[in-house]
Amino acid sequence: MKAYVNETLCIGCGTCEAFCPDVFKMDGAVAKVISETCSDCCQSAKESCPVEAIWLE
Ligand code: SF4
């Protein structure tokens with residue numbers, strides 16, 4: 001599974017990085033995906049994103 005961030009929707013709250021620092025990293029006001037694979041914390045990050053900017057495939 002891999003995570004993706006819609007950078008247009010992202011408001012830079014940092015929640016995904018807090019849940020999954022190995023997968024999401026803040027780059028200024030947007031979250032970037034820094035890992036090719038996603039661990040269990042990605043689902044929590046997705047569910048906690050306030051603007052539903054994260055999807056998993
Ligand atoms: S939780 Fe959502 S809005 Fe917040 S930084 Fe991550 S992708 Fe952006």
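Reply: Take the bonded cysteines of the protein in sequence order: the pairing is 1-3, 2-4. This is a predicted model, where local features need pLDDT of at least 70, side-chain atom pairs count only at pLDDT 80 or more, and totals for chains, interfaces and linings use all residues. Residues are numbered from 1 along each chain as its sequence is written, and side-chain values use heavy atoms, with hydrogens and water left out.

Me: What makes Cys-20 and Cys-41 a disulfide?

Reply: The rule asks for a pair of cysteine sulfur atoms within 2.5 Å. The sulfur atoms of Cys-20 and Cys-41 are 1.9 Å apart, so the pair meets the rule. The link of Cys-20 and Cys-41 is right-handed, with 120° about the S-S bond.

Me: Which parts does the Cys-20 and Cys-41 pair tie together?

Reply: Cys-20 sits in the loop between helix H1 (15-19) and strand E2 (24-27), and Cys-41 in helix H2 (residues 41-48). The pair therefore ties together parts 21 residues apart in sequence. Helices (H or I, at least four residues) and strands (E, at least two) are DSSP runs, numbered from the N terminus.

Me: Why is Cys-20 called buried?

Reply: Buried means under 20% relative accessible area, exposed over 50%, partly exposed in between (1.4 Å probe, protein chains only). Cys-20 is at 1%, so Cys-20 counts as buried. Cys-41 has 23% and is therefore partly exposed.

Me: How many disulfides are there by this rule?

Reply: The count comes to two. A disulfide also joins Cys-38 to Cys-42, S to S 1.8 Å. Their link is left-handed, with -100° about the S-S bond. Cys-38 has 13% relative accessibility, so Cys-38 counts as buried. Cys-42 is buried too, with 0%.

Me: Which residues come nearest to the ligand?

Reply: Of the 13 residues around the ligand, Cys-10, Cys-13, Gly-14, Cys-16 and Cys-49 come nearest. Near means that a heavy atom of the residue lies within 4 Å. Cys-13 is partly exposed at 43% relative accessibility, whereas Cys-16 is buried at 9%.

Me: Why is the shell around the ligand said to hold no charged residues?

Reply: Asp, Glu, Lys and Arg count as charged; Ala, Val, Leu, Ile, Met, Phe, Trp, Tyr, Cys and Pro as nonpolar; the others, Gly among them, as polar. The shell divides into ten nonpolar, three polar and no charged residues.
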